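Work through the exercises below with the sequence and the model open. Each task is followed by a solution in steps.

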Amino acid sequence: MELTCYPRLGEEVVRHILPNGLTVCVVKKPGFRQKYALLATRYGGMDLRFRQGGTWVDTPAGIAHYLEHKMFDTAEGNALQELALRGAEPNAFTSNAMTAYYFDSTEHFIPNLKTLLSFVSVPYFTAESVAKEQGIIAQEIGMIEDDPGWQVYKNLVRALYPDSPAAIPVAGSVESIRHITADTLYACHRAFYTPSNMCLVAVGDVDSSDIIAAAQEILPAEGGTPIERDYGGGSGSVTPLTERTMEVAQPQFLAGFRCPDAPEGLERLRTNVIGDLAVDMLMGESSPLYSRLYAAGLINASFECGFDLLPGVAYVYAGGESADSAAVLDAVRQEAARVVSEGVDEDYYQRLRRAMFGASLKGLNSFESIALSMVEGCFHGFDAYRFPEIFDTVCKEDVLRFIRQNICDAPAALSVVQPKEE
Amino acid sequence: MQIDRREIMPQVYLTHLRAGQFKTGLISAQLVTPLSRDTAAANALLPAVLYRGTTRFPDMEQLCAQLDRMYGAEVSPTVRKRGESQCVGFVMSFVDDALVGRGERLLERGASLLGELLLDPVTRSGRFLNEYVDGEKANLIDAIRAARNDKREWAELRLMQEMCASEPYGINRWGDEDSVRSLNNRKLFERYRDLLATSRLELLYCGAAEPAQVQEALQESFASLPRGAVPPLCAVVRRTAPAEPRLIEETMDVGQGKLSMGFRCGSDDVPALILANLLFGGSSNSKLFMNVREKLSLCYYASSVYARAKGIITVSSGVESRNAQRAQSEILTQLRAVQEGQWEDWELAAALAAARSALQSLGDSQGALENYYLGQNATGQFESAEELIGRLDAVTPERIRAAAESVALDTVYFLHGKEDT
């Protein structure tokens with residue numbers, strides 16, 4: 001058990017790796033009523049092809065998400081009810097590279113935690129219960145597919161990374177989920193829900209030894225072997241423009257720039273900080289470009305930009321509602337070229353760095369964002385709370401280099417949803 | 001949590017929530033005014049126009065630069081509906097001085113910027129800048145239209161418009177497109193003056209600072225607030241459901257249908273209705289979740305919300321059009337079950353545990369606290385989360401049945417694809 005204090009953040013974290021390989025992080029939060037736990041496995045929508053016992057296995061799109069839905073079933077009925085009686089409403093999500101189960105409660109935290117550990121580690125499905133879930137998930141897919149924001153996102157990733165499983169919807173399709181059976185679900189659970197592939201985070205006014213004891217008591221003693229996954233080549237060419245029409249009020253767009261993959265370890269956190277700063281410097285709310293585009297009516301308050309990292313996938317994105325998204329993309333490219341050739345004012349850079357540091361501190365108010373940053377750190381080999389030190393070492397030149405390599409010289413894609421003509 | 005509430009100027013109230021566990025402080029300044037078709041659009045436009053620039057920071061770039069210098073302080077213009085009132089203003093959050101050094105005085109700087117945003121906009125010949133008004137008018141029209149993009153939200157909005165057509169509650173918090181279009185700089189500036197002088201101002205602070213320090217900072221920042229005759233808070237309009245529920249069907253190019261149902265609650269027993277709603281559809285252990293979703297696999301979501309300030313319950317569900325009738329009748333069957341007291345002991349225990357936990361953890365989020373107390377303050381109630389927990393614990397099954405019995409279907413709204421019939 002290892003306690004780390006972060007005086008610059010006013011935080012303390014206990015980390016421990018169990019003999020079965022599970023990483024446990026406990027973030028102490030005195031003064032809060034809520035106690036929060038999140039159990040995550042490094043298995044998401046992208047993990048469709050993997051090597052097991054020497055052979056490559058292909059699984060249907062949407063299987064990790066389907067499995068997430070079915071994990072709440074237990075031999076006794078449903079874990080939801082057990083937790084509800086003790087005031088906890090659990091939930092779960094599946095993203096590209098992770099499936100996570102979590103709850104918060106103000107009372108009975110340790111019994112609730114044991115229930116969470118138990119239902120996530122002990123699968124229980126039957127052919128009937130798996131078949132029944134198809135109707136629910138098909139409706140979930142129907143809901144997502146009607147969402148224009150989802151459509152622009154899906155088409156952007158597809159345009160930037162045509163060969164990557166990141167371009168396949170996490171929930172799969174109504175067609176692909178028909179091929180999912182109880183047997184395939186059991187097999188994927190066996191492969192990926194092993195303690196050594198998982199991370200448990202608890203946040204709140206909790207005792208770390210109780211958390212570790214609960215994990216030791218409930219989870220299996222064996223850890224499991226690392227699983228090799230195939231994320232495709234990432235070499236396909238970028239499609240510059242993807243358009244579709246939907247019932248929307250204004251055109252929506254998302255532009256993206258394909259960036260090189262980031263290394264693991266603390267360098268990954270550093271790349272993230274530099275990427276975020278670069279995006280902010282170029283087109284964040286206080287940038288000259290943002291003001292100009294906003295004043296010209298080319299963007300509105302829905303405009304968002306950022307830098308995303310997934311396994312084998314990295315891209316800068318910007319989007320929102322705009323009547324002329326091609327003009328916005330052009331303006332971003334031109335501004336990037338200008339910034340790289342003219343440089344930026346040191347004051348402006350320091351101001352942005354200070355603002356971003358403040359925003360990172362703010363993230364420490366949210367138990368969910370704390371837990372997710374701990375899991376990211378665990379899966380990618382860095383300590384997420386080292387961000388103040390990273391901010392100390394990043395300089396203006398790092399950020400300008402990022403803009404040159406990842407925006408000026410990178411292939412770009414534009415994904416647009418146009419309103420249907422009446 | 002220590003709660004202190006006082007009137008610091010005529011019709012200017014400060015709610016002070018003392019909490020040392022956060023990394024940030026939060027200040028909210030909300031003008032509370034009756035929701036009306038004549039003024040809703042102008043009121044909604046004001047925070048956006050004011051956020052474009054102040055005398056000291058006359059454009060977005062300079063305003064954002066100031067926020068950056070304050071360690072990334074955040075300001076959000078807000079437009080909300082609480083009961084039959086419209087609340088417009090700003091919510092600001094900034095890093096606590098303890099994390100950046102006491103010398104920064106971010107609380108004072110934040111309060112002062114908030115006062116400037118509300119009271120000292122950049123002007124030209126005694127008006128707002130035309131380009132700001134025109135730009136934000138276009139943005140507000142876009143935002144009103146964009147409600148169609150999220151079909152679930154759209155179905156809920158249309159339900160309220162139809163069900164409460166003759167009540168202020170049925171008015172969109174952003175007003176309507178035509179009203180926005182008909183606004184000009186002169187009318188907007190007049191409305192601005194009027195709104196400042198005749199609205200109650202609800203200030204709220206949540207963070208580690210002492211009440212005296214906060215009061216002093218805010219009093220100074222809002223010293224020039226004009227004060228005219230402030231009308232009392234509007235009373236909530238309570239209606240009963242019609243004998244026959246109204247049915248509205250509309251089409252859009254969508255794959256999945258959206259079913260929204262609005263119910264009127266006759267009872268004033270708020271704690272009993274909170275529990276009745278949780279049993280019915282307010283959690284993932286509710287009858288709607290367990291039956292409409294889990295047992296019948298009709299949908300991904302079917303849930304209910306109780307708007308206690310207004311006495312309305314709404315049910316929202318995404319279903320395939322061919323299953324809509326089945327879903328609707330199943331939803332009504334589940335309401336009847338609650339009305340007849342058909343629930344297991346564990347269901348009620350879970351409902352109570354969920355309500356308690358939600359209220360207990362309210363104090364863990366500054367945003368949730370701000371939202372809760374604005375809801376209270378704008379509707380003239382004052383009940384702390386702890387007091388409400390006490391009242392929930394005292395609710396009997398008989399009271400839940402009686403409260404549920406008073407819930408009657410008023411309007412059904414169904415949005416479906418153009419090919420579906």
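Contact here means heavy atoms within 4.5 Å. The model is predicted: local features need pLDDT of at least 70, side-chain atom pairs count only at pLDDT 80 or more, and totals for chains, interfaces and linings use all residues. Residues are numbered from 1 along each chain as its sequence is written, chains are lettered from A and ligands numbered from 1 in the order in which they are written, and side-chain values use heavy atoms, with hydrogens and water left out.

**Exercise 1. Describe the interface of chain B and chain A.**

Step 1. Chain B gives 61 residues to the contact and chain A gives 59 residues.

Step 2. The size of an interface is often given as the accessible area lost when the parts come together. Buried area is taken in this sense, with a 1.4 Å probe and summed over both parts. Chains B and A bury about 5,100 Å² between them, and 50% of it lies on carbon and sulfur atoms.

Step 3. A salt bridge is a side-chain nitrogen of Lys or Arg within 4 Å of a carboxyl oxygen of Asp or Glu. The rule finds 9 salt bridges across this interface. B:Lys418 forms a salt bridge with A:Glu247, their closest N and O atoms lying 3.5 Å apart.

**Exercise 2. Describe how the two domains of chain B meet.**

Step 1. Domain bounds come from an automatic or database domain assignment. Chain B is divided into domain 1 (2-221) and domain 2 (246-416). The contact takes 38 residues from domain 1 of chain B and 39 residues from domain 2 of chain B.

Step 2. Between them, these domains of chain B bury about 3,100 Å², with 64% of it on carbon and sulfur atoms. On the domain 1 side, B:Arg152, B:Leu159 and B:Met163 lose the most area to domain 2, together 21% of what that side buries.

Step 3. The count of salt bridges between domain 1 and domain 2 of chain B is 5.

Step 4. Taken over C-alpha atoms, the centres of the two domains of chain B are separated by 30 Å.

**Exercise 3. Is helix α1 of chain B largely enclosed or largely open?**

Step 1. Helices (H or I, at least four residues) and strands (E, at least two) are DSSP runs, numbered from the N terminus. Buried means under 20% relative accessible area, exposed over 50%, and partly exposed in between (1.4 Å probe, protein chains only).

Step 2. The buried residues of α1(B) include B:Asn43, B:Leu45, B:Leu46 and B:Pro47.

Step 3. Helix α1 (residues 40-50) of chain B is largely enclosed by the rest of the structure, because 10 of its 11 residues are buried.

Note on methods
Buried area is the accessible area (1.4 Å probe) that two parts lose on being put together, summed over both.
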